[in-house]
Amino acid sequence: MSDRLSTLPGVTDPLEIDTRQAPDRPAPKPLALSASRAADFRQCPLLYRLRTVDRLPEPKTRAQVLGNVVHAVLEELYGLEQAERAPQRAAELVPVAVDRFYELESGAEIVPPGQRADFQNEVAALVAALYGVEDPQRFSPRSCEQYLLTATDAGTPLHGYLDRVDVAPTGEVRVVDYKTGKPPHPRFQHKAMFQMRFYALMYQRIHGVVPAQLKLIYLKNGSWLTLTPDLQMMSSTETELDVLWSEIVAAGQSGEFHPRTSRLCDWCHHRSLCPAYGGTPPEYPGWPGSREVPAGTRNLSTGQ
């Protein structure tokens, strides 16, 4: 899943940066770590810099907007009364969400009108696939699209959105994330579950409870991955993130974000700026600093 920007009253978007250096402009705003940006830095420090510090624009892809529209439909579905969440009602939400995408998000620039029918059918198929994994009429989530902002004991600032949080009548918590792409090869499942461990740690930091289950649902083929976290896993995840954040801050203060090449470079929008491919990055705008999460917002959690 990609990062969604916070529009919460009184909460500054932790990734918003003004890189213009005119004296009358505000200083760049400090950063917080999300699961997506953590993955960026691990993949390629230069990619992290260009996305997060320089804030270079990237064109939206069909896969990204497909995921966004599917997530919007599922959020709306779970906002209905339990009895209303029949498959036919879910199908009725799809064209409305696609219309909204075209009207409000310049959809025609990403998915040409001639491909609209195929796009809508793909959204519908992914939404319908959820019913092969679970029955939305049998339970109601505690929250959908819940925004979390917190920090580790060492001060590493963390933020992100949880697709869904379920709480059983007996109190057990399940954190769920939807994926519209293919499930990973077994060799790479640990990378997928890193995101879920990240979310579980934030949930624990805010609510004082370790989720009983983390669940990744792959709608493309109706499969899923689960993980049962414990206190030891949360402790090791916290240490892992503290080490990663210290590496990011060190790179930010020195300005040395070195490229790391891989097969993923073939899909990078910023390849022409990469020294590994003969390019030159833009002038480094300076490190905005790490975000100090005030005591009053350390346990910020919002959602339905």
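**Salt bridges in a predicted model**

I begin with Glu122, which counts as partly exposed at 24% relative accessibility. Please bear in mind that the structure under discussion is a predicted model.

What does the side chain of Glu122 meet in a salt bridge? The partner is Arg62, at 2.7 Å from N to O. This pair links distant parts of the chain, with Glu122 in helix 6 (residues 116-129) and Arg62 in helix 3 (residues 62-78), 60 residues apart. Arg62 is likewise partly exposed, with a relative accessibility of 28%.

Salt bridges that share partners also join Arg37, Asp40, Arg51 and Glu58 into one network. Within this group, the side chains of Arg51 and Asp40 form a salt bridge of 2.8 Å, N to O. Here too distant parts of the chain are linked: Arg51 lies in helix 2 (residues 45-53) and Asp40 in helix 1 (residues 35-43), eleven residues apart. Is Asp40 buried or exposed? Asp40 has a relative accessible area of 5% and is therefore buried, the cut-off being under 20%. Arg51, at 27%, is partly exposed.

The side chain of Arg42 meets that of Glu240 in a salt bridge of 2.4 Å, N to O.

To close, the pairs described here are among the 17 salt bridges that the structure holds.

How values were computed
Residues numbered from 1 in each chain as written. Predicted model: local features only at pLDDT ≥ 70, side-chain atom pairs only at ≥ 80, totals over all residues. Heavy atoms only, no water. Salt bridge = Lys/Arg side-chain N within 4 Å of Asp/Glu carboxyl O. Helix = DSSP H or I, 4+ residues; strand = E, 2+ residues; numbered from the N terminus. Buried < 20%, exposed > 50% of the residue type's maximum accessible area, 1.4 Å probe, protein only.
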